[in-house]
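The entries follow in the order in which I went through them.

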Amino acid sequence: MKVEADRDVCISAGNCVMAASAVFDQDEDGIVVVLVGEVPEGEEDHAREAVKLCPSMALRIAD
Amino acid sequence: MTQAPELPPLHMRRDALDPTPELREIRETSSVRTVVNAFGMQVYLVTRHEDIKDVLSDHERFSNSRPPGFVVPGAPDIPDEEQASARAGNLLGLDPPEHQRLRRMLTGEFTIRRMKRLEPRIAEIVDQHLDAMENAGPPVDLVARFALPIPSLVICELLGVPYDDRDDFQRRSARQLDLSIPIPERLELVRKGREYMALLVGRARRQPGEDILGMLVREHGAELTDDELVGIASLLLLAGHETTSNMLGLGTLALLRHPDQLAAVRDDPAAIGPAIEELLRWLSIVHSAIPRITTTDVEIAGVPIPAGQLVFVSLPSGNRDPDFIDSPEVFDVRRGAPGHLAFGHGVHHCLGAPLARMEMRIAFPALLRRFPTLSLAENFDDVQFRSFHFIYGPKSLKVAW
C-alpha cells in the first residue's frame, strides 16, 4: 500500500501525524511529508484513518 | 411568559451540556431547515455530519467572503475603505487562494513538533495557576483562576502580546463574540482591539521579537500590510482566548458529572488523548462554523438553496449524528471519536488545533491530580452559561476540593 499527499492542498491540521506518525510527518512549515514509499505492515489502518481524517482532502491511497 | 428575544437563535440553544433537542429533530427529518439568526436574517441550517462536511469542504460554492453590498441588519454604515482595512488579515473571511497565502505564513508555528517544544512551558504555566488556586483555597471560580488565564497567557507569549494588558483584551474578546450586545458596540470593541494591536505591530516592525508577530515581520514583513498584520494577530489573540478556555471550563464540568470517567483521566496517563477528542465532540463548544454564503444555486440533502444565501452548519448536531458515531448522546472518554467536526473541516480547519490539544492534554490531568477530590461548589442547575456567545461555555464555575 502506498499513500500520496498533495502538498499544495495541505492546510497543516496535523491530523495525519496524529493518526499515523509512522507514515506522515510535517516539515518546518507544517506541510505534510510522506515518510515511507510503502506503508509498513500493521500501519495500513492508521494510514487509511489519516486519509479519511484529512480536513482538506490532501491525502489518498495510491494503490 | 418567556418571549422569543430572550432565547438565542436555534443553532445556539443548549440544555446545559447538551444541544437543544430541536437540532436532532431537524437532523432526523430534513437535515436542512431555514431558521432565523441572531440578526433576524433567514439562514439555512445544516445538521447532518456528511452534509456539514460537504459544505465546509466546498469553498467554491460555499464562500467565507461576502459579496459587495452584503449588510447585516443593525450594522452601521461603514465607508468601504474603513471596511476593507477592518477585514484585512482575517483568515476566516477569505477564500482560497488568498486564504492559503496567509495561512501558510502561520502553519509552521502550530506544528505538532512545535507544540511538543512548548510542552514544558505550558506545564509550568499550568502549575503556577494550580499553585495560586491552592493558595487561595476553596471555593474558587475555575474559569477566572484556571480555564481563562492559562490559554490567555500561552497565546500572549506565543504572539508577543504583553500579558499585563490582559484586563482590556480579555474583556474585549469576551464581549466581541457576545451576540446579545448590539452590533455598533461590538464593532467599537473590534476597533479598539485593532488600535491596540496596531501599537504592537508598530513595535514589532521596529524591533521584531522571538514571537509570532516578530516572525511575521521578519519573514513576511514586505508582503504584509500593517492592516493584514493587525488582522492576523487580532484573530489569533481572539481565537486563543475564546476556545481552549471554554473547553477547559465546560470540559471540567462534563468530567465532574461523570466521576468514573474523571477518575480515568486523572489516573491513567493513556486516557487523556482519546478523552480530549470525545470532550471536543460531545461538547462542540463552537455552535456553528463561520457562516458560508452560496455563490450559486445549490442543493443539500435535496433542499434547494438559491445563490447568495447564508448557510450555517451546526457542529454540535453533526457531532451527535448517529450516522457518524454510535450512541452519539453518550459521553465516553475511551472511544476517541476520530472524525469529529469540533475544529471544523475543509481549508478553514482550526489552525490552533494542535495547540488546543496540547493545552488540554496538560491542563486536565494536572488539575485533577492536584485536586483529586475536585467537586462542584454550586448546584449544577445554577451554573450560568454564555448562552448568546458565538462560543459556548460556563460564565463561571465554582469548585472546591
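I call a residue buried if 20 or more other C-beta atoms lie within 10 Å of its own, exposed if 12 or fewer, and partly exposed in between, with C-beta atoms placed from the backbone. Helices (H or I, at least four residues) and strands (E, at least two) are DSSP runs, numbered from the N terminus.

I note that this is a predicted model, in which local features need pLDDT of at least 70 and side-chain atom pairs count only at pLDDT 80 or more, while totals for chains, interfaces and linings use all residues. Residues are numbered from 1 along each chain as its sequence is written, and chains are lettered from A and ligands numbered from 1 in the order in which they are written.

Helix H7 (residues 149–159) of chain B came up next: nine of its 11 residues are buried, so H7(B) is largely enclosed by the rest of the structure. Among the buried ones I listed Ile150(B), Leu153(B) and Cys156(B), and I saw that Gly160(B), with a positive phi near 100°, follows the helix.

I then turned to strand S4 (residues 42–46) of chain B, which is largely enclosed because four of its five residues are buried. Taking strands as paired if DSSP finds at least two bridges between them, I found S4(B) antiparallel to strand S3 (residues 32–36) of chain B over five bridges, with Val35(B) partnered by Val43(B). S4(B) also pairs in the parallel sense with strand S10 (residues 310–313) of chain B, over three bridges, and there Leu45(B) stands opposite Phe312(B).
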